[in-house]
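Hello,

Here is the structure I said I would pass on. My notes on it follow below the files.

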Amino acid sequence: MYLDPDVLRSVKILVVGPFGVGKTTYIGNISEIEPLQTEEEITEASVGFDDLSRTPDKTTTTVAMDFGRLTLSEELVLYIFGTPGQERFKEMWEELSRGALGALVIVDPQRLDESFPVLDLVERFGLTYAIGVNHFEGTTTYPLDEVREALNLPADTPVVACDVRDQHSAAQALITLVQHLKSLLA
Amino acid sequence: MSDEYGQEPHLELTSSLVPLFVITNGRALPPDQEYERTALVTARKEGGAAARTLSPEGQVIMDLVADGFLSVAEVAGHTHLPLGVVRILLAQLEESGLVLVRKPVPRADPLDRELLGAVLDGLKSRFGA
Ligand SMILES: Nc1nc2c(ncn2[C@@H]2O[C@H](COP(=O)(O)OP(=O)(O)OP(=O)(O)O)[C@@H](O)[C@H]2O)c(=O)[nH]1
Ligand SMILES: [Mg+2]
């Protein structure tokens with residue numbers, strides 16, 4: 001359960017994507033600890049307006065956020081935070097993106113349009129990202145180039161196949177992201 | 001993926017009806033960045049005396065981090081306490097000299113070449129890529 005006593009540095013990467021795309025499955029598959037959740041409060045405007053003040057009512061909702069851990073060396077540990085891609089989680093995005101190395105954006109090729117709000121958030125929070133195209137069996141495999149085109153991505157943004165249930169594939173997507181981050185410094 | 005399942009001390013809280021302002025002594029939330037999710041926490045060995053006056057939730061955290069470092073996120077995950085409450089309790093525990101907090105300093109800089117290299121090497125050796 002405990003970290004190596006020599007671990008001095010911790011880094012984080014976000015795994016983001018639309019509802020039900022496989023974020024929790026991804027983290028559960030790759031984490032060295034049983035995946036845990038943090039319970040956090042978000043405030044959101046509830047439906048309807050207060051008639052007297054004409055200001056939107058704010059309600060507080062508790063959400064559970066998944067995360068996992070990967071010890072990378074005696075002195076370095078990586079935390080992976082699953083971050084839902086809806087606008088109402090933007091407070092959390094603000095906090096999670098601070099100091100994050102980058103983001104792996106998981107997309108479902110059957111419903112790529114749902115990825116746009118997520119791409120909007122990663123760009124707004126200045127996160128460098130790679131796209132992991134999840135494969136749901138029984139569905140057509142889309143050529144990665146078509147995904148790139150449909151999402152209108154910059155030419156250098158990596159787009160890789162990422163079967164969230166396969167550890168090798170999941171790890172490879174993470175490696176691709178870090179290679180991309182590194183290449184931007186060259 | 002877990003090799004620890006079931007070995008964890010029993011940390012589930014039963015007192016979920018205790019209002020949060022009681023648990024935290026009415027303290028305000030510290031700034032988020034004070035206890036980032038990835039900050040690492042452990043009990044100070046020499047902190048024994050003050051520990052007797054802790055709230056049950058503060059004690060749960062002390063027991064959890066008694067034998068090594070865990071991240072703030074893991075403390076929240078294992079104790080099932082809301083992250084905001086964990087941060088306030090950690091602020092109190094640190095103030096009382098009971099815990100040592102390794103803040104993510106030097107703060108992870110996404111532009112740190114050497115750091116990215118270490119992350120990449122770590123991932124490759126872990127997953128044999
Ligand atoms: N067949 C198949 N099912 C998958 C795959 N990935 C995820 N699923 C299933 O799809 C559902 C959603 O996966 P989750 O990992 O919970 O997705 P999520 O992104 O965490 O979802 P939310 O947290 O609800 O936004 C689950 O029932 C998974 O078992 C996949 O690659 N293939
Ligand atoms: Mg999920």
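In chain B, B:Leu40 stands opposite B:Ser71, a residue of strand 2. This is a predicted model, so please read everything here as computed from it. Strand 2 of chain B is joined by two bridges to strand 1 (residues 40-43) of chain B, and the two run antiparallel. Both belong to an open sheet of three strands in chain B, with the order 2-1-3 and antiparallel pairing. Strand 2 (70-71) and strand 3 (99-102) of chain B each have a single partner strand and stand at the edges, so one side of each has no neighbour in the sheet.

Now chain A. Its secondary structure consists of five helices and seven strands. Read from the N terminus, the order of elements is β-α-β-β-β-α-β-α-β-α-β-α. The C-alpha trace of chain A spans about 55 × 45 × 35 Å along its principal axes. The radius of gyration of chain A is 18 Å; for 186 residues a compact globule would come near 16 Å, so the value agrees with that expectation. Of the 186 residues in chain A, 52% are buried.

Is A:Thr38 buried or exposed? Its relative accessibility is 1%, and the cut-off for buried is under 20%, so A:Thr38 counts as buried. The side chain of A:Thr38 also makes a polar contact, at 2.5 Å, with the side chain of A:Glu40.

Then the ligand. Which residues come nearest to ligand 1? There are 14 residues around ligand 1, and A:Gly20, A:Lys23, A:Thr24, A:Thr25 and A:His135 come nearest. Sorted by class, the shell around ligand 1 holds four nonpolar, six polar and four charged residues.

- An oxygen atom of ligand 1 lies 2.9 Å from a polar backbone atom of A:Gly22.
- An oxygen atom of ligand 1 lies 3.1 Å from a polar backbone atom of A:Val21.
- A nitrogen atom of ligand 1 lies 3.3 Å from an N or O atom in the side chain of A:Arg165.

On its own, ligand 1 has 640 Å² of accessible area, and the protein covers 65% of that.

Regards

Methods: Residues are numbered from 1 along each chain as its sequence is written. Chains are lettered from A and ligands numbered from 1 in the order in which they are written. This is a predicted model: local features need pLDDT of at least 70, side-chain atom pairs count only at pLDDT 80 or more; totals for chains, interfaces and linings use all residues. Side-chain values use heavy atoms; hydrogens and water are left out. A residue is near a molecule or strand if one of its heavy atoms lies within 4 Å of it. A polar contact is a pair of N or O atoms within 3.5 Å; within protein, one must be able to donate a hydrogen and the other to accept it, and residues adjacent in sequence count only if both atoms are side-chain atoms. Accessible areas come from the Shrake-Rupley method with a 1.4 Å probe; for residues, only the protein chains shown count as cover. Ala, Val, Leu, Ile, Met, Phe, Trp, Tyr, Cys and Pro count as nonpolar, Asp, Glu, Lys and Arg as charged, and the others, Gly among them, as polar. Two strands pair if DSSP finds at least two bridges between them. Helices (H or I, at least four residues) and strands (E, at least two) are DSSP runs, numbered from the N terminus. The radius of gyration is taken over C-alpha atoms; the globule rule is 2.2 Å times the number of residues to the power 0.38. Buried means under 20% relative accessible area, exposed over 50%, partly exposed in between (1.4 Å probe, protein chains only).
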